[in-house]
Amino acid sequence: MPLLINRELVEADNWTTVNEETIEQAIAGNDDIIVPLALFEEHKAALESRSGAVAPLLTGDDAYDEILADPNRFALIAISIPALRDGRCFSIARLLKRAGFKGQLRATGDVSHDRLDFLTRCGFNALEVPEDRYSDEALNAFDEFSVRYQGADDDNRPVYHR
């Protein structure tokens, strides 16, 4: 799956997403892993004692108040986008940025060309684009709009204050 970080295509990704089948093996290893929040909470003590970095994977259905309380304890926070019609990822990203999160904020799942610019404006700096939706033109998505009416993470001022 192609990964864009800071609007550039990255060849190597040192993070691996784990699931219920691979969690035990991941706990024993020392790789940097992304863990769904439910699994993270279930195996919290074991995950925090391992040598590799751990990042939570949030969905719109998760209760992520504990993550918001101290988001910078993670180098990366991933947010899953299950479908085009589900915009909760934008709100979660803005909440994390307002809480002061400084690390990598990664969008994964239903990431498509038409939302790349909007995702970065909300604070995402890493985007996993599904293989079947990626083309080299995806890098042009960030410059398709020259004027933005709303304030966002990249510029909080509305257009009438610029």
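Trainee: What makes Phe-74 count as buried?

Mentor: First, a caveat: this is a predicted model, where local features need pLDDT of at least 70, side-chain atom pairs count only at pLDDT 80 or more, and totals for chains, interfaces and linings use all residues. Residues are numbered from 1 along each chain as its sequence is written, and side-chain values use heavy atoms, leaving out hydrogens and water. Now, buried means under 20% relative accessible area, exposed over 50%, partly exposed in between, with a 1.4 Å probe and protein chains only. Phe-74 has 6% relative accessibility, so it's buried.

Trainee: And why is Phe-40 called buried?

Mentor: Same test: its relative accessibility is 2%, so Phe-40 counts as buried. Across the protein chain, buried residues make up 44% of the 162 residues.

Trainee: Why do you say the pair ties parts together?

Mentor: Phe-40 sits in helix α2 (residues 37-42) and Phe-74 in the loop between α4 (65-69) and β6 (76-81), so the pair links parts 34 residues apart in sequence. Helices (H or I, at least four residues) and strands (E, at least two) are DSSP runs, numbered from the N terminus. The protein chain has 6 helices and 8 strands.
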